[in-house]
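This report walks through one protein chain, from its overall layout down to single side chains. Please look at the sequence and the structure before reading on.

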Amino acid sequence: MQRPPLDPNSAASRAPSGSGAPPSRRVSHDYDKIIRILQSMGVNHFDSRVVSVLRQFVYIYSTDVLERAATVSQYASKQIIDPEDIKFAIKLKIAHYKEFSHRPDRATLEKWAEQKNACPMPNLPTRAGIHLPQERFCLNAPNYQINHQDPKQAAQERAAAAQAQQAPPKKRRGQFGARASAKSLKIVLRFG
């Protein structure tokens with residue numbers, strides 16, 4: 001297959017000028033190759049940034065394949081990466097994408113749709129106003145509890161708890177006062 005001629009005056013053949021500096025010889029060669037691939041596929045009008053994105057994609061993909069090939073070669077206790085290692089790495093990459101991006105066929109999708117559509121939808125309420133889902137699916141229920149305790153009884157319980165904390169701890173046999181007694185500090189906040 002013969003390569004299509006590259007028009008040096010076309011906007012697509014010019015490398016993107018991000019920093020204003022001319023690209024290196026290798027980068028220019030990569031851009032030329034990607035432009036020729038696009039032109040061979042019949043794409044003649046494209047933004048210059050497309051070439052840069054495709055070049056980045058090629059770099060990332062080839063780096064990933066070569067890293068996998070190096071792992072395969074290392075596992076096989078080889079010093080050099082063989083073409084078989086690269087082929088196996090590509091097969092691993094394809095298998096990985098098929099495993100996680102496998103779409104079910106049409107018959108399976110139809111079977112799932114029939115199962116899902118077998119249960120009828122709930123009837124809509126005929127009352128006026130905003131139609132909300134069932135109570136168990138709504139998040140507008142109260143999520144707190146109010147303590148309905150008598151204030152006098154609550155004050156007595158707090159006083160009893162404070163006295164229990166202030167009582168000196170009983171010494172057991174074998175303790176020689178090495179542990180200091182526990183003291184508590186009560187902080188009262190008053191607003192108003």
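## Overall layout

The protein chain has 5 helices and 0 strands; helices (H or I, at least four residues) and strands (E, at least two) are DSSP runs, numbered from the N terminus. Read from the N terminus on, its elements run α-α-α-α-α. The model is predicted, so local features need pLDDT of at least 70 and side-chain atom pairs count only at pLDDT 80 or more, while totals for chains, interfaces and linings use all residues. Residues are numbered from 1 along each chain as its sequence is written, and side-chain values use heavy atoms, with hydrogens and water left out.

Of the 192 residues in the protein chain, 11% are buried. Here buried means under 20% relative accessible area, exposed means over 50%, and partly exposed is in between (1.4 Å probe, protein chains only). The chain exposes about 18100 Å², and carbon and sulfur atoms supply 57% of this area. Accessible areas come from the Shrake-Rupley method with a 1.4 Å probe; for residues, only the protein chains shown count as cover. Among contacts in the chain with a separation of 6 or more, 41% are between residues 24 or more positions apart; contact means heavy atoms within 4.5 Å.

## The nonpolar core and its surroundings

In soluble globular proteins, nonpolar side chains tend to be buried together. Which residues make up the largest nonpolar core here? The core has 7 residues in all: V27, Y31, I34, I35, L38, F46 and V51. Helix α1 gives the most to this core, with 5 residues. A nonpolar core is a set of buried Ala, Val, Leu, Ile, Met, Phe, Trp, Tyr and Cys residues joined through side-chain atoms within 4.5 Å.

I34 is one of the core residues. Leaving aside neighbours within four places in sequence, I34 is in contact with V51, L54 and R55. R55 also takes part in a polar contact of 3.3 Å, which joins its side chain to that of D30. A polar contact is a pair of N or O atoms within 3.5 Å; within protein, one must be able to donate a hydrogen and the other to accept it, and residues adjacent in sequence count only if both atoms are side-chain atoms. D30 is found in helix α1, which covers residues 25-40. D30 counts as buried because its relative accessibility is 18%.

D85 counts as buried because its relative accessibility is 4%. Beyond its neighbours within four places in sequence, D85 is in contact with A69, V72, S73, K78 and I80.

## A nonpolar patch on the surface

F57, V58, Y61, I90 and I94 form a nonpolar patch on the surface, with about 430 Å² of accessible area together. Patches are made of residues with over 30% relative accessible area and no salt bridge: like charges are joined within 9 Å, nonpolar side chains (Val, Leu, Ile, Met, Phe, Trp, Tyr) within 5 Å. Helices α2 (48-75) and α3 (83-100) each supply at least two residues of the patch. The largest share, 3 residues, comes from α2. Y61 has its place in helix α2, and Y61 counts as partly exposed because its relative accessibility is 32%.

## Salt bridges

How many salt bridges does a search of the whole structure find? The search finds 7. A salt bridge is a side-chain nitrogen of Lys or Arg within 4 Å of a carboxyl oxygen of Asp or Glu. The table lists some of them.

| Salt bridge | N to O distance | Relative accessible area |
|---|---|---|
| D47 and R49 | 2.6 Å | D47 36%, R49 58% |
| R68 and D64 | 3.5 Å | R68 24%, D64 22% |
| R106 and E110 | 3.2 Å | R106 66%, E110 41% |

With these values, D47 is partly exposed, whereas R49 is exposed. R68 is partly exposed, and D64 counts as partly exposed too. R68 and D64 are separated by about one helical turn because they are 4 residues apart in helix α2.

R106 is exposed, and E110 is partly exposed. R106 and E110 are separated by about one helical turn because they are 4 residues apart in helix α4 (residues 106-118). Salt bridges that share partners also join D64, R68 and K93 into one network.
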